[in-house]
Amino acid sequence: MRRRKVQGTGTVILAAVTAVCLLAGCGDGSGAGTAASANSVSEASGDSGSAGEKVLTVGSGQATSSGLDPVVDYDGWYVLRYGIAQTLTRMNDDMSVSGWLVSDDYSSNEDHTEWTFTIRDDVTFSNGTKLTAELAKASIENVFANGQRGPEYFTPTEIAAEGQTLTIKTENPEPILPNKLSDPLFAIIDTTAGTSDPAAEGPVGTGPFTLDSYDPTTKECVVVKNRNYWGGDVALDKIDFVYTEDQSALTMALQSGEFDAVYNLSMNDVGSFENSSDYTVEKGTGGRTTIGFMNENGPLGDMVLREAILRSLDKETYCSSLLMGQYTPGITLLTSAADYGYGELKDPNAYDPESAAQLLDQAGYQDRDGDGFREDPDGNTIDLDYVYYTGRPEQQIMVEATQAALAEIGIKITPDVQDTSVVMNRQKSGDYDLLCMSINMMNCGDPENQMKTFFCEGGTYNATGYDSKEFNDLMDQVSVTADPEQRKELVKQAEQVLLDDAAAIYYCYPNINFVMKKNVTNIYATPADFYWVNEKTDIS
């Protein structure tokens, strides 16, 4: 395969005003981990395969955390995004759920503790093995045996298989189990295939592509046509997924023709491609919220300091000016695109910089040494480490805007840019004061699981020390409530608890885009955000 470098700018942007250029592709904000990838991205162009091969090259600022084992972290997202595996059910564009590897006639008992699914009779894995209920059972059991997040979705008491009938019994009522099984964590893989290291070798799945190579250093992933694909002919021979968090490199590589498509191009650059007849822009609204997590195990354990931070942030202006009006200002945890209280719930810490300063004054936060920054009431220096990555362009802009806003009220912030996988690991370990992350809170068409993962006691990614009995109790009620309107009201109540507790910063709600050459078809920007390619994806 011919390869060539995509050169990045390697420039770190240090001010919120200059950060606008990042969104426009004027700089990359690279740092530890990102600079290397930005300057060493390799690429195989759409016509670089052997004679007659159809090869597509896709650039993205998103990549796996540690490999392609779907039960590890959120790596299952890429197993689905790259077309390697599929799930029993799938999310539709209206966030409803339907069968994928199962028929649509799944059903439950009255209290939703027993669900029955019929595995499609025509599905095979990429190694030619037929998918049976027994193999689906083994794949789901693997999630609970070798992953961490399974219990946050449901606790099975028994999984039974007979022919193509799969029965799942659960410890508690699970009224939205079909939604939960659409999560990439539950990607169906052949656990009997003898793969010793799924993270490196890739799992054996049922998707239209199989893994050809994966580079754990650059995170470049090449997939090839699954010649045993059960869903029909696969149009492409190969797709090369290339990773760089350098926003400028993504834009320039698409303009130069080195990339055939780019996921989540900087929003300010999208317009220039929309106005060109040489490109197609696929846009979608999603369930993402850009969140600033505040770690209560350090200085931010003081609610007064968290409230002051929240009141200092002019999110309306950030979205209208710095983000060029392409993002909706955040108020609630859940996106304004979903009916979960965006225009209804009360934000007790809305933008009010004067009251932010008054809160700090009254609590004894003072600048005792005259350096322009306050010390805490005990005289200790405050320097909040703000961890983020640049794979999503709004994050650096939000972090630097926060740094500037907090300097106005005398609170020091030090931005700490890292590779995406480092940020995810630090989120799990709690090694940060503040951490910015874009989270798809509606990844199953319902916010239950993500709210539990990031904010409930014991949640895999809740290392902030946030632990509210009221919030936990509400989420316990959500888990067992079947009526959609009752679930929604409980979720709104839980969101209000988070607002009242000043638990996190909700900056904005990003949209999703895929920008591609005009000769590329069937690449998708879906609300679920984990269906990128399928057997119909093509380049002419």
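How many salt bridges does the rule find across the interface of domain 1 and domain 3?

Let me begin with confidence. The mean pLDDT of the chain is 90, and 91% of its residues reach 70 or more. Where pLDDT is low, the predicted coordinates should not be read in detail.

Now to the layout. The chain is divided into three parts: domain 1, made of 29–61, 208–286 and 511–540, then domain 2, which is 92–195, and domain 3, which is 288–510. The centres of domain 1 and domain 3, taken over C-alpha atoms, are 31 Å apart, and where these two domains meet, 24 residues of domain 1 are in contact with 21 residues of domain 3. Between them they bury about 1800 Å², with 40% of that on carbon and sulfur atoms. On the domain 1 side, the residues that lose the most area to domain 3 are Glu245, Met267 and Asn511, which together account for 27% of what that side buries.

So, to return to my opening question, the rule finds 3 salt bridges across this interface, and between the two domains there are also 12 residue pairs in polar contact. Helix 8 (267–274) and strand 21 (511–517) each supply at least two residues of the side of domain 1 that touches domain 3, and by class that side has 8 nonpolar, 12 polar and 4 charged residues.

Let me finish with the structure as a whole, which holds 29 salt bridges. In one of them, lysine 54 and aspartate 538 meet at 3.1 Å, N to O. Because lysine 54 lies in the loop between strand 2 and strand 3, while aspartate 538 is in strand 23, the pair ties together parts that are 484 residues apart in sequence.

Terms used:
Residues numbered from 1 in each chain as written. Predicted model: local features only at pLDDT ≥ 70, side-chain atom pairs only at ≥ 80, totals over all residues. Heavy atoms only, no water. Domains from an automatic or database assignment. Contact = heavy atoms within 4.5 Å. Buried area = accessible area lost by both parts, 1.4 Å probe. Salt bridge = Lys/Arg side-chain N within 4 Å of Asp/Glu carboxyl O. Polar contact = N/O pair within 3.5 Å; in protein donor to acceptor, adjacent residues only side chain to side chain. Helix = DSSP H or I, 4+ residues; strand = E, 2+ residues; numbered from the N terminus. Nonpolar A, V, L, I, M, F, W, Y, C, P; charged D, E, K, R; others polar. pLDDT = per-residue confidence, 0-100.
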